[in-house]
Amino acid sequence: MFEKLRDRLAKARTNPSLAWALLKTRFRVGPAGGAEVADPAHRSISDDGRYTVFCDRAARSTLAFRTFRRHPDYVPILEHVTRELGQSYVDVLRRWTPHVIDRINDFKVNDLVGGPITHEYEGIGRVNPTTLRYVKVATDLETCFNWTATTAVAEVGIGYGGQLLCADRLLSYGTWTLFDLPPVLRLASRYLESHLLQGSYRLTTLNQSQPASYDIVVSNYAFSELPAAVQRAYLRKVLSRAASGYMTMNSGREGTPFGGDHLCLAEVRRQLPDCEVVEEHPCSAPGNYIVLWGHRSRPQWS
Ligand SMILES: C[S@@+](CC[C@H](N)C(=O)[O-])C[C@H]1O[C@@H](n2cnc3c(N)ncnc32)[C@H](O)[C@@H]1O
């Protein structure tokens, strides 16, 4: 817990919206609300008693939905990418995938709903920095894997569906299956139904899903934030059955932001024997890395 707070405080130094959100939530008087998962041993770092309660409210209330992406209970979990880190994503996109920079306006669709904070970037215009991260990850996915209109994708830990929306503007896929907690899925459904997708999506929790095979699994800052027991269940039902995968990890080895009850990288490697590890770039937190398997090539920047 202390490490989590330390990491967020470090990010807040260069991120006024995160600093404001932390100030408001840490010093707020009154109950935080209930965590979604009753058993603390099965609770993700993000299931902090405020975030999922707020997701539920934003999914139901038009007023809360209108600005959910700048709400203090939501910003620390999903909207804490700094303006500077956003610039690093622009630099990587400009260097390695200029075709995406040429079409950057197509991805700004991700900033139309939910009232995100945006910044001005030279030659790009106003964009939310988390949207820039989703675009950069989408270009990694484009490079690393084969995409056809029948590709079955699973994403573990989906936020509001922004990664899917940005990938949808770049990649052909069949069905994108979104795994998360029930209130988060309700919010994502409301968000995604505000847009028109090229592909299709399906929402599910881990418990609602039979073990199944996917062509590609994606999980960024999410599988790695789950407690070990839940990670093992995802490995058994989803990850180890997937032909390929891309996971940004912020736990599991020395120096990563999150210690505590998460599988170590050696254990993840045992379960995904063909995986390869590359350092995250741009690095969003010290020690972060990407686990890849079944890929045709590494990301261009690696
Ligand atoms: C830090 S957020 C990352 C979201 C998204 N991948 C992104 O890159 O913006 C962690 C995500 O994990 C989700 N999560 C928490 N518990 C989960 C569980 N048991 N199964 C799947 N996702 C979970 C949270 O709701 C949240 O969407």
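Reader: Which charged end sits over the ring of F65?

Author: In this predicted model, the charged end of R190 does, at 4.6 Å from the ring centre. F65 also belongs to a cluster that ring pairs build from Y51, F54, F65, F68, Y74, Y134, Y160 and Y191.

Reader: How many aromatic pairs does the structure hold, and what describes a pair of aromatic rings?

Author: A pair is described by the distance of the ring centres and the angle of the planes. The structure holds 12 such pairs. In one of them, F68 with Y74, the centres are 5.3 Å apart and the planes stand at 85 degrees; over 60 counts as edge-to-face, so this pair is edge-to-face.

Reader: Are F68 and Y74 buried or exposed?

Author: Both are buried.

Reader: Which residues come nearest to the ligand?

Author: Of the 19 residues around the ligand, the nearest are Y134, G157, D180, N220 and Y234. Y51, a member of the ring cluster, places a polar side-chain atom 3.0 Å from a ligand oxygen. Backbone atoms take part as well: a polar one of G157 is 2.8 Å from a ligand nitrogen, and a polar one of G159 is 2.9 Å from a ligand oxygen. The protein covers 94% of the 590 Å² of accessible area that the ligand has on its own.

Reader: Where is V217 found, and is V217 buried or exposed?

Author: V217 is found in strand β6, residues 216-220. Its relative accessible area is 0%, and buried means under 20%, so V217 is buried. Beyond its neighbours within four places in sequence, V217 is in contact with A154, V238, L239, A242, S244, G245 and Y246.

Conventions:
Residues numbered from 1 in each chain as written. Predicted model: local features only at pLDDT ≥ 70, side-chain atom pairs only at ≥ 80, totals over all residues. Heavy atoms only, no water. Phe/Tyr/Trp six-rings, centres within 6.5 Å; stacked < 30°, edge-to-face > 60°. Buried < 20%, exposed > 50% of the residue type's maximum accessible area, 1.4 Å probe, protein only. Lys NZ or Arg CZ within 6 Å of the ring centre and 35° of its normal. Helix = DSSP H or I, 4+ residues; strand = E, 2+ residues; numbered from the N terminus. Contact = heavy atoms within 4.5 Å. Near = heavy atom within 4 Å. Polar contact = N/O pair within 3.5 Å; in protein donor to acceptor, adjacent residues only side chain to side chain. Areas by Shrake-Rupley, 256 points an atom, 1.4 Å probe, with all protein chains shown as cover.
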